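Hello,

Here is the structure we talked about handing over. Please look through it first; my notes follow below.

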Amino acid sequence: MICKKCGLDGHFTWDNQHFENTGQWRLFDLNMERPHNCPGMKVEEASLETTAPRPLVKCPQCDPLKDSSWIKREKFQDHIKTAHFGFW
Ligand SMILES: [Zn+2]
Ligand SMILES: [Zn+2]
């Protein structure tokens, strides 16, 4: 049968034991002998995390070992002008 969440076609069955414990249905993968995790769903979650905006940028001109090389994005242009004499 096909998992409706991720569209994966596998040797699935509904997990009765899990339903009795939690009241929620989930698929059990008979080939893997473990509950089915939607692989497509996981990739989406991971890509969301990596594309989340980061508040700080690292100044390439500063000492990378210093915390002060991490600068707020909106302050970065000013920092380059004042600290590195408009190198960029
Ligand atoms: Zn699935
Ligand atoms: Zn700098």
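**What was found**

Thr13 stands opposite Phe28 in β2. That pair belongs to the following arrangement. β1 and β2 (residues 27-29) run antiparallel to each other, joined over three bridges. Two strands count as paired if DSSP finds at least two bridges between them. The sheet is open, has three strands in the order β1-β2-β3, and its pairing is antiparallel. Its edge strands are β1 (12-14) and β3 (34-35), and each pairs on one side only.

**Ground rules**

This is a predicted model: local features need pLDDT of at least 70, side-chain atom pairs count only at pLDDT 80 or more, and totals for chains, interfaces and linings use all residues. Residues are numbered from 1 along each chain as its sequence is written, while chains are lettered from A and ligands numbered from 1 in the order in which they are written.

**The chain overall**

The chain has three helices and five strands. Both are DSSP runs, numbered from the N terminus: helices are H or I with at least four residues, strands are E with at least two. Along the sequence the pattern reads β-α-β-β-α-β-β-α.

How much of the chain is buried? Of the 88 residues, 2% are. Buried means that 20 or more other C-beta atoms lie within 10 Å of the residue's own; exposed means 12 or fewer; partly exposed is in between; C-beta atoms are placed from the backbone.

Contacts need C-beta atoms, placed from the backbone, within 7 Å. Take the contacts with a separation of 6 or more: 22% of them join residues 24 or more positions apart.

**Trp14, in the sheet**

Trp14 sits in strand β1. Trp14 counts as exposed because it has 11 C-beta neighbours inside 10 Å. Leaving out residues up to four places away in sequence, Trp14 touches Trp25 and Leu27. Trp14 and Phe28 are 14 residues apart in sequence, yet their C-alpha atoms are 5.8 Å apart in space.

**Glu33, in a loop**

Glu33 lies in the loop between β2 and β3. Its phi is positive, about 55°, although Glu33 is not a glycine. Is Glu33 buried or exposed? Glu33 counts as exposed, because the number of C-beta neighbours inside 10 Å is 7.

Strand β5 covers residues 70-72 and holds Trp70. Start with Trp70. There are 14 other C-beta atoms within 10 Å, so Trp70 is partly exposed. Its contacts, not counting residues up to four places away in sequence, are Leu56 and Lys58. Trp70 and Lys58 are twelve residues apart along the chain, with 4.5 Å between their C-alpha atoms.

Now Ile71. Its 18 C-beta neighbours inside 10 Å are why Ile71 counts as partly exposed. Which residues does Ile71 touch, not counting those up to four places away in sequence? They are Leu56, Val57, Cys59, Phe76 and His79. Lys58 is 13 residues from Ile71 in sequence, and the C-alpha to C-alpha distance is 6.1 Å.

**Helix α3 and just after**

Helix α3 spans residues 76-83. Of its eight residues, the number buried is zero, so α3 lies largely in the open.

Best wishes

Key
Contact = placed C-beta atoms within 7 Å.
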